[in-house]
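Trainee: Could we go through this model together, one question at a time?

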Amino acid sequence: MRALKGVSFDLHGGEVHALLGENGAGKSTLIKVITGAHQPDGGTIEIGGQPVRHLTPAAAHKLGVACIYQQPALFPDLTVAENIALRLEPASPTRRVDWPTRRERAAKLLHQIGADISPDAEVRALSMPEQQLVEIACALGAGARIVIMDEPTASLTQKEQHLLFAVVKDLRASGVGVIYITHRLEEISQLADRVTVLRDGESVGTSAVSEMNEASLIKLMVGREVSQIYPPAESEPGSRVLALKNLGCVAGGVREVNLEVRAGEVVGLSGLVGAGRTELARILFGITPADAGEIFLNGEPVTISSPQEAVAHGIAYVPEDRRRHGVILEMPIAANMTMAIHPRIFPGAWLRFGAEQQLALDFIRDLGVKAYGPEAPGNSLSGGNQQKVSLARWLATKPKLLILDEPTQGVDVGAKSEIHKIIRQLAKAGLGVLMISSDLPEILGMSDRIAVMRGGTITAMLSGKSDAHDVMAAALGQTK
Amino acid sequence: MKRHFRELSVACALGVLLLLLALFAPNFFDAQPLLSRLTAAAPKLVLACGVALVIISRQIDISIGSLFAVCTTCAGLVAAAKLPLPVAILASLGVGALGGALNGLLVAGLKLQSIVVTLATMVTMRYALLLSQQGVLINLPPGAQWFGLPMTAGQFTVCGIALALLVLLAFGTKHLAAGRFIYAVGSDSEAARLAGIRPQLTTFWVFVFMGALCGLAAVMNMVQSPQADPNGGRGLELEAIAAAVVGGVAVSGGRGNLWGVLAGLLLLACISPALTYAGVKPYWEKAIQGAIILLAVVADGVRNRKKRN
């Protein structure tokens with residue numbers, strides 16, 4: 001998979017250039033190329049008019065490229081002055097440290113951006129926006145000409161945002177070029193001079209913000225043909241399997257979720273990264289139990305406080321990161337498939353290899369798992385087949401509600417459409433399926449209904465016949 | 001075949017060493033000294049099996065040498081009080097399980113790092129024992145040595161216990177659900193948790209079992225001499241861990257086989273007699289054992305790296 005295919009992007013000094021694109025459009029990869037973390041395998045980069053080859057993080061730093069990440073990369077146990085010094089002073093282990101100069105410089109830089117932070121404060125004690133300001137001070141101190149900000153407002157309050165915007169405008173006024181990445185369209189009109197839209201690793205358009213409106217931006221972001229054929233919905237939705245009433249969990253950042261999933265339907269759960277989709281799934285599976293609202297399964301109110309309880313209630317959760325939370329790579333796929341049904345398939349303490357083999361062979365046949373046999377270890381399988389094993393483990397629990405989290409992430413095209421077919425068959429067999437996906441065509445192609453999350457709650461319920469524009473608009477929080 | 005390559009290669013190394021001994025030092029296979037050596041190694045095998053389970057579950061226990069000494073002392077005191085030997089054995093197992101439960105509670109219950117927890121319990125138990133017993137050997141009643149059997153029968157009994165335990169555990173890790181849980185938790189405790197296994201509970205019971213095995217090993221060791229030594233067991237934890245690691249138990253958890261542990265233990269145990277017969281100074285024993293451990297770890301590292309690429 002190529003993350004970037006053809007990107008043209010230019011930045012002037014003294015402008016704020018917004019970079020926009022849906023999940024996986026290639027924004028992060030582009031940043032990594034500009035900061036020297038990744039090497040491009042084609043094309044050219046020029047900084048300050050000079051072509052640059054073999055950009056490394058150190059070289060990018062020297063050329064005046066600074067990046068402020070969503071999660072500031074500061075040392076929490078050191079003071080603000082020490083953190084700034086670490087970025088700016090030469091890294092020689094025997095150099096004598098000039099403490100007063102360190103403090104003075106830190107104070108000066110912080111004052112310059114109007115930040116009311118003591119140079120002696122420990123970074124651990126600072127709030128998120130204060131840490132971002134320290135990062136900006138570092139960039140300024142390093143004489144950065146290009147400052148990249150990756151969704152800086154994602155965790156800021158309204159008031160903190162205004163402070164940050166003022167700093168960004170100051171940077172622009174002093175001649176710095178700012179690349180500003182955001183999911184919030186309203187910020188673009190407030191702050192940016194120009195905007196570039198990325199889609200599927202390509203830049204699909206750059207124009208002045210004054211010439212664009214929100215609708216035309218969304219159109220640019222999603223404008224693509226659905227290149228894949230999705231299996232059609234064949235089943236009529238039956239009774240309600242799951243109903244959520246004002247469900248919330250402070251620890252997961254999820255609040256007031258209302259949702260219904262009926263037997264025989266696939267409900268797509270869309271939203272941008274960080275909107276709370278996986279968190280909602282983890283609540284339903286009892287990993288981070290809910291602390292507000294109600295869950296109804298088949299009409300009965302239930303509390304779910306552990307994965308065991310969730311399984312007992314007929315909920316199955318195929319997690320997002322199958323390498324970390326799904327298939328146990330060292331174990332045979334047969335053992336992986338029976339992992340969640342031990343008490344049922346092995347009453348008493350002894351394993352019954354005959355029953356296990358039979359079950360594994362059935363699933364290998366039904367799901368079309370490509371493996372040399374039930375004894376093949378998980379790490380001998382391709383990503384798509386691992387995902388099928390993960391799916392088999394949960395189907396073995398005979399669930400009524402199946403929650404899939406990014407079921408086809410990192411899976412090749414062939415296996416992807418096989419998994420789609422399997423999902424459709426499961427719905428036809430009467431399961432309620434809740435499918436989280438960042439893949440917009442997949443959401444549109446597979447879902448009977450689409451729930452869109454934003455800021456920890458469901459902000460829109462759309463029909464399965466909605467188009468990409470509607471979903472993206474809801475995910476971005478555009479109000480009509 | 002491919003799956004057990006690591007264990008088989010250790011077994012081959014052991015085979016080659018035994019073959020060399022058979023060619024150049026046939027005395028090594030004389031019945032009585034060989035039985036004595038095996039008897040001395042038997043308690044270590046019990047500990048190595050236990051610690052292998054601990055490592056497979058992605059934990060470590062370095063307190064087993066100290067717990068072994070505590071169990072020895074308890075069993076010795078009970079036996080010296082003229083109570084029947086089975087009572088002394090039960091006391092040893094019980095105290096061991098209790099010590100293991102303490103480790104397990106701290107590691108699984110409070111989610112602390114097992115290396116730090118067992119370091120603390122190792123030092124605490126060792127010095128509490130020293131203070132209470134002042135290092136004085138406990139004289140055992142005549143019926144205690146070799147379980148009251150003749151020496152050869154006693155030696156066979158000790159070796160038999162170790163072998164029986166090994167067979168039971170090797171079978172159990174493969175055929176019991178509990179065995180699979182240990183591997184699952186050690187490979188990927190989050191995946192295991194999502195699949196409805198309780199990783200903390202599994203970890204707790206592994207530590208309890210390890211403790212009980214310390215008690216068993218203590219008894220198997222105590223009956224070999226007329227006195228119980230409260231200072232015993234120093235460095236046993238390292239010998240047990242070394243045997244497990246050489247035998248192919250991955251320190252990263254989730255991988256290992258108890259037959260491999262047996263091969264690893266025997267390989268390390270044969271170094272010393274081999275050196276004696278080869279006329280090399282016995283001081284080299286530890287250095288060569290260290291080199292073998294290093295070789296095993298490096299081999300695993302190289303293998304893992306290859307797998308990743």
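Predicted model: local features only at pLDDT ≥ 70, side-chain atom pairs only at ≥ 80, totals over all residues.

Mentor: Residues are numbered from 1 along each chain as its sequence is written, and chains are lettered from A and ligands numbered from 1 in the order in which they are written.

Trainee: Which radius of gyration does chain B have?

Mentor: The radius is taken over C-alpha atoms, and the globule rule is 2.2 Å times the number of residues to the power 0.38. For 309 residues that rule puts a compact globule near 19 Å, and chain B agrees with it, having 19 Å.

Trainee: What percentage of the residues in chain B are buried?

Mentor: A residue is buried if 20 or more other C-beta atoms, placed from the backbone, lie within 10 Å of its own. Of the 309 residues in chain B, the buried share is 48%.

Trainee: How are H2(B) and H9(B) oriented to each other, roughly parallel or roughly antiparallel?

Mentor: Helices here are DSSP runs of H or I with at least four residues, numbered from the N terminus. Helix H2 (residues 31-56) of chain B packs against helix H9 (residues 199-222) of chain B at about 175°, their axes being 8 Å apart; axes are lines fitted to C-alpha atoms over the stretch in contact, and angles run from 0 to 180 degrees between N-to-C directions. Since angles over 145 degrees count as roughly antiparallel, H2(B) and H9(B) are roughly antiparallel.

Trainee: How many charged residues are in the contact of H2(B) with H9(B)?

Mentor: Among the residues that meet are Val46(B) and Leu53(B) in H2(B), and Phe209(B) and Met220(B) in H9(B). Ala, Val, Leu, Ile, Met, Phe, Trp, Tyr, Cys and Pro count as nonpolar, Asp, Glu, Lys and Arg as charged, and the others, Gly among them, as polar. The contact divides into 17 nonpolar, 2 polar and, for charged residues, none: no charged.

Trainee: Which element gives the largest share of the side of chain B that touches chain A?

Mentor: Two residues are in contact if their C-beta atoms, placed from the backbone, lie within 7 Å, and 17 residues of chain B are in contact with 20 residues of chain A. Helix H7 (177-187) and helix H8 (189-194) of chain B each give two or more residues. The largest share, 6 residues, comes from H7(B).

Notes: Buried ≥ 20, exposed ≤ 12 C-beta atoms within 10 Å, placed from the backbone. Parallel < 35°, antiparallel > 145°, perpendicular 65-115°, else oblique.
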